[in-house]
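Hi everyone, thanks for making time for this. I'd like to walk you through one structure, starting with the terms and then moving to a few residues.

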Amino acid sequence: MSCGFIYAVRYLESKKVYPYRKMIGEGGTVLFNFDWDSLLYRIIAFVIAFSIHEWAHAFVAYKLGDNTAKNEGRLTLNPISHVEPIGMLMILFGPFGWARPVPVNMFHFRGNRRLGMVLVAIAGPLTNLILAFLFLQAGWYLATTNIMNAWPAWAATLVSNTITWSFAINVALFVFNLLPVAPLDGSKIFRYILPRRFDHFFERMEPYGMFVLLLLIFIPGLGSIVLYQPYEWVQNALFSLIR
């Protein structure tokens, strides 16, 4: 994810979408580092992204007949129900983080249960993609209409920086969560799309999922291939929609 943030922000700056940006240094990104300048914007962006992502899982599961998440108070946009404090601190100041996973019981689904799990799993990343587009559209509108020129400097800075971080974070979460590695949503999508005979393979690989994710995060070359290229494709596709 971190590689994508550098290019996303530089692209935005080159297009003069956000004139108040100073999010990164020449040598790297502050996405997963202790950076006070961007802390407020990243907190807002992650809280929005996490809350709507997890709500989407709960909402689709509920619509399919599973009340588990609803009964546990997760069918809400209230960040308190979704944000996990340690996970939030880790993603702000460490190499990775997480939100509270939504409980789902596929045996309560109506109709095809495996298809139901695919729909529930993909709902979160798809919501992040939609959010990324909406934030990009909002930023483009604010920049091209010069509406922020009449705002106080602090308000323009807060809004533009929050929009920029929200766009980048939601694209990153979309790409990252689609990786077919447990416990990410992508692992559930691939498991339940494939025939049942592959279930045993996913069950055997599940305990090693966190090790694979750590390798992706801490080995720059590997992460660049697996994460950066898809991030760039998604980012460019979104930009093409508003040109």
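Let me begin with a term we'll need: a polar contact is a pair of N or O atoms within 3.5 Å, where, within protein, one must be able to donate a hydrogen and the other to accept it, and residues adjacent in sequence count only if both atoms are side-chain atoms. What we have here is a predicted model, in which local features need pLDDT of at least 70, side-chain atom pairs count only at pLDDT 80 or more, and totals for chains, interfaces and linings use all residues. Residues are numbered from 1 along each chain as its sequence is written, and side-chain values use heavy atoms, with hydrogens and water left out.

Now, the overall picture. The chain has eleven helices and zero strands, counting DSSP runs numbered from the N terminus (helices are H or I, at least four residues; strands are E, at least two). Of its 243 residues, 47% are buried, where buried means under 20% relative accessible area, exposed over 50%, and partly exposed in between (1.4 Å probe, protein chains only).

How confident is the predictor? The mean pLDDT, a per-residue confidence from 0 to 100, is 84 for the chain, and 85% of residues reach 70 or more. Over residues 1-32, though, pLDDT stays under 50. Where pLDDT is low, the predicted coordinates should not be read in detail.

Let's visit Arg74, in the loop between α3 and α4. A polar atom of the Arg74 side chain does lie 2.9 Å from the backbone oxygen of Ser81. Beyond four places in sequence, the contacts of Arg74 (heavy atoms within 4.5 Å) include Trp55, His82 and Pro103.

Asn71, in helix α3, is exposed, with a relative accessible area of 62%.

Finally, Asp185 sits in helix α8, residues 185-193. Asp185 is buried without a salt bridge, and Lys188, the nearest side chain of opposite charge, is 4.8 Å away. The Asp185 side chain makes a polar contact with that of His53 at 3.1 Å. Among the other residues that Asp185 touches are His57 and Asn177.

Note on methods. Lys, Arg positive; Asp, Glu negative; His and termini not counted. Salt bridge = Lys/Arg side-chain N within 4 Å of Asp/Glu carboxyl O. pLDDT = per-residue confidence, 0-100.
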